[in-house]
Amino acid sequence: MSTASRFDTFLKNITVTSDQCASALTSANAIARKLHGHYSNQPYSDGCRMIVGSYGKGTAVNPPRDVDVLFFMPVNEYHRFNGHRYNGQSALLQELKGLFQERYPRTKEIGGDGQVVVVDFSTGHTVEVLPAWHRKGGGLLVPNTHDGGSWQHVDHEAEIAYVADSDAHTNGNTRNLIRMMKAWQKYCSVPIKSLVLELRSVTFLSTWDRSRESTTFYDWMVRRANSSVKRPDATWADAYLPRRRRLARSTRRSRSHATLPPMSPTIAPKPIM
């Protein structure tokens with residue numbers, strides 16, 4: 001079996017199927033309809049939500065991970081929660097959680113980053129819901145519950161366009177590389193966020209002279225790209241190893257007293273701020 005055919009098979013195995021994508025969209029729409037029914041008296045349309053994250057960027061991998069959904073809130077709700085004396089952002093997420101609790105009893109606590117409410121579906125998908133408002137001047141405002149609460153400026157449309165533009169310039173290799181890096185991340189339990197892998201992949205391919213080549217060159221591409229993955233304060237010396245081997249290696253090092261190395265954008269209601 002040739003290198004190209006091996007990578008073709010690998011990519012087929014780690015890419016989400018059309019049925020999985022349909023299931024993710026169904027879950028996302030169910031969440032959006034629930035919120036729309038509470039916050040609006042207008043007929044529902046998909047314009048009230050935006051699919052972001054890996055499904056929005058076309059980089060989702062199999063088995064499926066989270067489905068990230070932005071729900072565009074009415075402007076008056078921003079002013080209501082912004083008027084709270086303390087941490088209106090937390091109050092907002094708790095209100096959303098309460099709306100989901102009755103219909104979706106497996107609704108989890110607020111996510112670790114203090115921005116989302118997490119809902120588990122029996123289909124296997126987990127939906128992370130992020131309320132948002134369009135911001136004058138571009139981007140979005142989303143809640144951040146840390147340090148007493150604040151409104152954070154993000155730009156998910158720019159993130160989606162960043163990956164899409166690179167993928168168009170690299171003959172589809174950007175999304176393929178990101179999927180492979182995510183599979184490596186999961187298999188080896190690498191403590192690095194998917195967004196970082198996306199940024200590193202785009203940056204690497206922007207300078208690699210074989211960025212438009214076929215899967216025949218993927219062995220070389222993955223090796224080169226993997227060696228470039230690092231965080232500002234440390235290199236990922238053992239990150240490519242499965243977790244059990246990293247633990248064994250770190251145990252041997254400690255015994256010898258060695259030191260371990262540190263879906264389409266839509267138009268929302270009237271922008272605010």
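Residues are numbered from 1 along each chain as its sequence is written, and side-chain values use heavy atoms, with hydrogens and water left out. Because the model is predicted, local features need pLDDT of at least 70 and side-chain atom pairs count only at pLDDT 80 or more, while totals for chains, interfaces and linings use all residues.

**View A. The largest cavity and its lining.** Two or more of them come from each of helix H6 (156-169) and helix H8 (194-207), where helices are DSSP runs (H or I, at least four residues) and strands are runs of E (at least two), numbered from the N terminus.

**View B. The crossing of H6 and H8.** The axes of H6 and H8, lines fitted to C-alpha atoms over the stretch in contact, come within 10 Å and cross at roughly 35 degrees, on a scale that runs from 0 to 180 degrees between N-to-C directions. Contact, meaning heavy atoms within 4.5 Å, is made by Glu159, Tyr162 and Ser166 of H6 and by Leu195, Leu199, Val202 and Thr203 of H8.

**View C. The packing of H1 and H9.** Helix H1 (residues 3-14) and helix H9 (residues 218-227) pack at an angle of about 65 degrees, with their axes 9 Å apart. Thr3, Phe7 and Leu11 of H1 meet Tyr218, Asp219 and Val222 of H9 in this contact.

**View D. The aromatic pair of Tyr78 and Trp133.** Rings of Phe, Tyr and Trp (its six-membered ring) pair if their centres lie within 6.5 Å, and planes under 30 degrees apart count as stacked, over 60 as edge-to-face and the rest as tilted. The Tyr78 and Trp133 pair is edge-to-face, at 5.5 Å centre to centre with 70 degrees between the planes. Tyr78 lies in helix H4 (residues 75-82) and Trp133 in strand E4 (residues 126-134), so the pair ties together parts that are 55 residues apart in sequence.

Key:
1 Å grid on protein atoms, 1.4 Å probe; cavity = no way out; pocket = protein on both sides within 12 Å on 5 of 7 lines; lining within 4 Å.
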